[in-house]
Amino acid sequence: SGESDQEKHYEALSVGGDDFLSKPIRPKYLIASVTNRVQRARALRQRAAVRDPRDPGTGLYRRGWLLDRINEALGGDDVRVRPGGVLLLEVDGIAALRDRLGLAGVENLINEVSTRLVGLLDSIEHAARYGEGCLVILNPERDESELESRAAELRQQMSGQAFAVGGQTVRLRASLGVCGFRHGFADAAAMLNAAERACREARGLEAVARAYQEMSLVPE
């Protein structure tokens, strides 16, 4: 600003401003000041994330935190016999929704979906975003057949729900895939790929939910 009154400067800072830059200002100084503020804000967010890995708006966990928990489970010696696994929920028709609502509208929709899903989860379950229209739920205690039933239950609770986005009413349709720890995947990425494949199969078969099935190789 070209405002020279220092009282006005202090007033601007007192209501939440980070700094007061007086005109004229050299471009290098402007860029350095803004960059410094951005780095400080990011550092504060990272420190807050260490204390609480959940998003305060939706209640979802950070994706990195959830992937670490999955990798920890997969790294256990008992992985082939332990219960638990992941459910992958994918909102159907995300491309059509993007055309209809725009990027910001889809983001608002997924945030609303996430908040509602978190409210349906058990205390042992943790969820995170995984891609534009995907949510991953970690359940460390149920076996795979129970996870499939749980996926069907969540789909029934979520599908058909109405969400108001940008003055439009959107009714959610979702598909779910399930994958248990017992398959012993090398890492979280491989396990989530399997859950996503099961999700695609459920959508193609118009099934409520589907669990990942290992392929058996028969020698000729």
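In this predicted model, the side chains of R150 and E125 form a salt bridge with an N to O distance of 2.8 Å. R150 is buried, because its relative accessible area of 2% falls under the 20% limit. E125 is buried as well, with a relative accessible area of 4%.

The structure holds 12 salt bridges. Another of them joins the side chains of R203 and E90, at 3.0 Å from N to O. R203 lies in helix 6 (residues 188-205) and E90 in strand 1 (residues 85-91), so this pair ties together parts that are 113 residues apart in sequence. The accessibility of the two partners falls in separate classes: R203 is partly exposed at 32%, whereas E90 is buried at 17%.

A further salt bridge connects E132 with R98, and the closest N and O atoms are 2.7 Å apart. E132 is placed in the loop between strand 2 and strand 3, while R98 is in helix 4 (residues 94-120), so the pair ties together parts that are 34 residues apart in sequence. E132 is partly exposed, with a relative accessible area of 31%. R98 is also partly exposed, at 29%.

| Pair | N to O distance | Relative accessible area |
|---|---|---|
| R150 and E125 | 2.8 Å | R150 2%, E125 4% |
| R203 and E90 | 3.0 Å | R203 32%, E90 17% |
| E132 and R98 | 2.7 Å | E132 31%, R98 29% |

Leaving aside neighbours within four places in sequence, E132 is in contact with I94, R98, L103, V106 and I110. Among these residues, R98 also makes a polar contact with E132, side chain to side chain, at 2.7 Å. For V106, which is 26 residues from E132 along the chain, the separation between the C-alpha atoms is 8.5 Å.

Definitions and conventions. Residues numbered from 1 in each chain as written. Predicted model: local features only at pLDDT ≥ 70, side-chain atom pairs only at ≥ 80, totals over all residues. Heavy atoms only, no water. Buried < 20%, exposed > 50% of the residue type's maximum accessible area, 1.4 Å probe, protein only. Contact = heavy atoms within 4.5 Å. Polar contact = N/O pair within 3.5 Å; in protein donor to acceptor, adjacent residues only side chain to side chain. Helix = DSSP H or I, 4+ residues; strand = E, 2+ residues; numbered from the N terminus.
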